[in-house]
Every structure is written in C-alpha cells, then in structure tokens.
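Reader: Hi! Could you walk me through this one?

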Amino acid sequence: MCLVGLFLACLIASATTLPDNVSVGYRDPQNFTEAKRSSGVHVIRPDAYLEPLRVYIAQRAARILAPGQRLDIVVTDVDRAGEYERWRGPDFDDVRIIRDVYPPRIDLDFTLYGADGKVLRSGHRTLRDAAFLSSSSPIDQDSLRYEKALVDLWLRRGADKL
C-alpha cells in the first residue's frame with residue numbers, strides 16, 4: 001500500500017515537472033479578456049486555468065524542440081471558449097455555453113533560441129480555431145480542451161514554422 005502511494009506521488013510530481021528549455025509566462029493576466037468577463041457569480045480564479053495552461057504549453061512545446069534549443073513564450077491574452085449567457089436567467093448563472101460563436105483565443109509572443117543562444121525565430125501569434133467544435137471529442141471533459149487544442153494546432157507545425 002505504501003509503494004502504491006509513493007508511485008502515485010512520483011507520477012503526480014512528474015506530470016507537473018516543467019521542462020527547462022521552455023518558459024511560459026503571462027503579461028498582465030488581470031487584463032486578459034477572460035479575466036474581464038469574470039465577475040459576480042462568474043468569478044474565475046485565474047490560477048484555476050492559467051497554471052494548468054502554462055504547464056501544458058511548456059510540456060507540449062518541449063516536445064518539438066531540437067536538442068539545445070530554448071523557447072520563451074509570453075501569453076498576452078486568453079479568451080476561453082464559450083460564454084455566460086446572462087439573458088438565460090439565474091438557473092444558468094454558472095453555466096458556460098459553448099457555441100461556435102464563442103471560439104477560444106490565445107495571443108502570445110515567442111522567441112526561439114538555437115543551441116548557440118542566437119534567436120532563430122520570434123514573433124506574435126494569435127491562435128484561433130473557428131471550427132473548434134468540429135475538431136473536439138465529445139468524450140473529452142477537460143475544461144481547457146479547446147484552449148489546449150489551439151496550442152497543439154500551433155505547435156504541430158514544428159519549431160521551424162512557429
């Protein structure tokens with residue numbers, strides 16, 4: 001029983017270990033579109049979605065880098081998929097309605113460094129997917145599944161096409 005607990009603790013620790021060749025930060029998260037929509041009964045703790053998203057971006061980005069490369073990412077805005085439709089009444093106060101008119105969006109700046117420390121590529125990206133509902137699985141219950149899919153779509157092209 002003790003070994004099972006130790007194994008689970010190690011598994012959890014390794015799942016949140018950040019790679020040392022990718023840094024992900026947030027610029028003014030209190031001014032993100034998502035944060036501005038967070039009020040009243042819809043107050044969302046930023047760490048409830050920003051920290052898991054940061055870990056996800058770092059872990060996924062590390063997979064596409066060549067040995068010695070480093071990637072710095074600064075997220076400048078997050079607008080999660082869906083919206084609270086207050087007009088539906090108090091029974092829907094805490095229900096995020098996911099429809100194609102409320103796509104997810106992530107804006108970010110990045111700098112990719114080569115093994116020699118020189119900048120290989122840098123820029124600003126606005127990640128969007130208007131067809132986000134058609135590419136998701138109804139089985140996936142992750143609250144950040146649409147935002148994570150945006151990250152995957154961006155990184156799928158590889159480091160040389162960031």
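Reader: Thanks! Where is the place of Tyr26?

Author: Tyr26 sits in strand E1. Before going further, a word on the source: this is a predicted model, where local features need pLDDT of at least 70, side-chain atom pairs count only at pLDDT 80 or more, and totals for chains, interfaces and linings use all residues. Residues are numbered from 1 along each chain as its sequence is written, and side-chain values use heavy atoms, with hydrogens and water left out. Helices (H or I, at least four residues) and strands (E, at least two) are DSSP runs, numbered from the N terminus.

Reader: Which residues does Tyr26 touch, leaving aside those up to four places away in sequence?

Author: Tyr26 touches Phe32, Leu50, Leu53, Arg54 and Val75, with contact meaning heavy atoms within 4.5 Å. Val75 is 49 residues from Tyr26 in sequence, yet their C-alpha atoms are 4.8 Å apart in space.

Reader: Let's zoom out. How many helices and strands are in the chain?

Author: The chain has four helices and six strands. Along the sequence they follow the pattern α-β-α-α-β-β-β-β-β-α. Of the chain's 162 residues, 37% count as buried. Among contacts between residues at least 6 apart in sequence, 68% join residues at least 24 apart.

Reader: What order do the strands of the sheet have?

Author: It's an open sheet of four strands in the order E1-E2-E5-E6, with mixed pairing. The edge strands are E1 (22-26) and E6, each pairing on one side only. From one strand to the next, the twist averages 15°. Angles here run from 0 to 180 degrees between N-to-C directions, and axes are lines fitted to C-alpha atoms, for helices over the stretch in contact.

Reader: OK, E5 then. How many bridges join E5 to E6?

Author: Nine bridges join E5 to E6 (residues 119-128), and the two run antiparallel. Strand E2 (residues 70-79) also pairs with E5 in the antiparallel sense, over nine bridges. Two strands count as paired if DSSP finds at least two bridges between them.

Reader: Which residues stand opposite Asp109?

Author: Val74 stands opposite Asp109 in E5, and His124 is the bridge partner of Asp109 in E6. As another example, Leu108 has Arg125 as its bridge partner in E6.

Reader: What about the turn in the hairpin of E5 and E6?

Author: Five residues lie between the two strands of that hairpin, and Gly117 in the turn has a positive phi of about 90°.

Reader: Is E5 mostly covered or uncovered?

Author: Strand E5 (residues 105-113) is mostly covered, with eight of its nine residues buried.

Reader: Switching to helices: which strands does H3 lie across?

Author: H3 lies across E1, E2 and E5, running at about 155° to E1. H4 packs on the sheet too, touching E2, E5 and E6, and its direction makes about 35° with that of E5.

Reader: How do H3 and H4 cross?

Author: The axes of H3 (residues 46-64) and H4 (residues 145-155) come within 10 Å and cross at roughly 20°. The two helices are therefore roughly parallel to each other, a label for angles under 35 degrees.

Reader: Which residues meet there?

Author: Leu53, Tyr56, Ile57, Arg60, Ala61 and Ile64 in H3 meet Glu147, Lys148, Val151, Asp152 and Leu155 in H4.

Reader: Last one: why is H4 largely enclosed by the rest of the structure?

Author: H4 is largely enclosed because eight of its eleven residues are buried. Those buried residues include Tyr146, Leu150 and Trp154. The buried residues of H4 pack against H3, E2, E5 and E6.

Key:
Parallel < 35°, antiparallel > 145°, perpendicular 65-115°, else oblique. Buried < 20%, exposed > 50% of the residue type's maximum accessible area, 1.4 Å probe, protein only.
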